[in-house]
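Morning, everyone. I have one structure for you today, and I'll keep it short. Here it is on the screen.

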Amino acid sequence: MINSQWKALHLGRWELLFKIMDEGSITRVADIENLQRSQLSRMVSGLEEELGKLCKMLDSSQWPLET
C-alpha cells in the first residue's frame, strides 16, 4: 500500500506541473513557490519520464491480446 507521505509528495509534483502549465513559465512558478528553477526543471523531467513509462505500460500493443 502507498503511504500518505509518498502520495502527498507525488500529488504535489503534479500540482506544481499544472501550475507551470497555467502560468506558462517554470521561472514564474519557482518564484511563486520559493523554489529554484533547476529543482522544478528536474521535477518536470522526472514526471515526463514517469508518464512515458506509464504510457508504455498502458499501450495495448505491449500486452498479449486475448481474442
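Start with Met-57. Is it buried or exposed? Met-57 counts as exposed, because its relative accessibility is 53% and the cut-off for exposed is over 50%. Keep in mind that this is a predicted model.

Where does Met-57 sit? In helix H3, which covers residues 37-58. Together with Leu-51, Leu-54 and Leu-58, Met-57 forms a nonpolar patch. The accessible area of those four residues together is about 380 Å².

Now, what does H3 pack against? One partner is helix H2, residues 26-33. The angle between H2 and H3 is about 115 degrees. Their axes lie 9 Å apart. The crossing is right-handed.

Which residues meet there? On the H2 side, look for Ile-26, Thr-27, Val-29 and Ala-30. On the H3 side, they meet Arg-37, Leu-40 and Ser-41.

Let's zoom out to the whole chain. How many helices and strands does the protein chain have? Three helices and zero strands. Reading from the N terminus, the order is α-α-α.

Next, burial. The protein chain has 67 residues, and 19% of them count as buried.

Last, contacts. Take the contacts between residues at least 6 apart in sequence. Of those, 38% join residues at least 24 apart.

Note on methods. Residues are numbered from 1 along each chain as its sequence is written. This is a predicted model: local features need pLDDT of at least 70, side-chain atom pairs count only at pLDDT 80 or more; totals for chains, interfaces and linings use all residues. Side-chain values use heavy atoms; hydrogens and water are left out. Patches are made of residues with over 30% relative accessible area and no salt bridge: like charges are joined within 9 Å, nonpolar side chains (Val, Leu, Ile, Met, Phe, Trp, Tyr) within 5 Å. Accessible areas come from the Shrake-Rupley method with a 1.4 Å probe; for residues, only the protein chains shown count as cover. A salt bridge is a side-chain nitrogen of Lys or Arg within 4 Å of a carboxyl oxygen of Asp or Glu. Helices (H or I, at least four residues) and strands (E, at least two) are DSSP runs, numbered from the N terminus. Buried means under 20% relative accessible area, exposed over 50%, partly exposed in between (1.4 Å probe, protein chains only). Axes are lines fitted to C-alpha atoms, for helices over the stretch in contact, and angles run from 0 to 180 degrees between N-to-C directions. A crossing is left-handed if the near helix is turned anticlockwise from the far one by less than a right angle, and right-handed if clockwise. Contact means heavy atoms within 4.5 Å.
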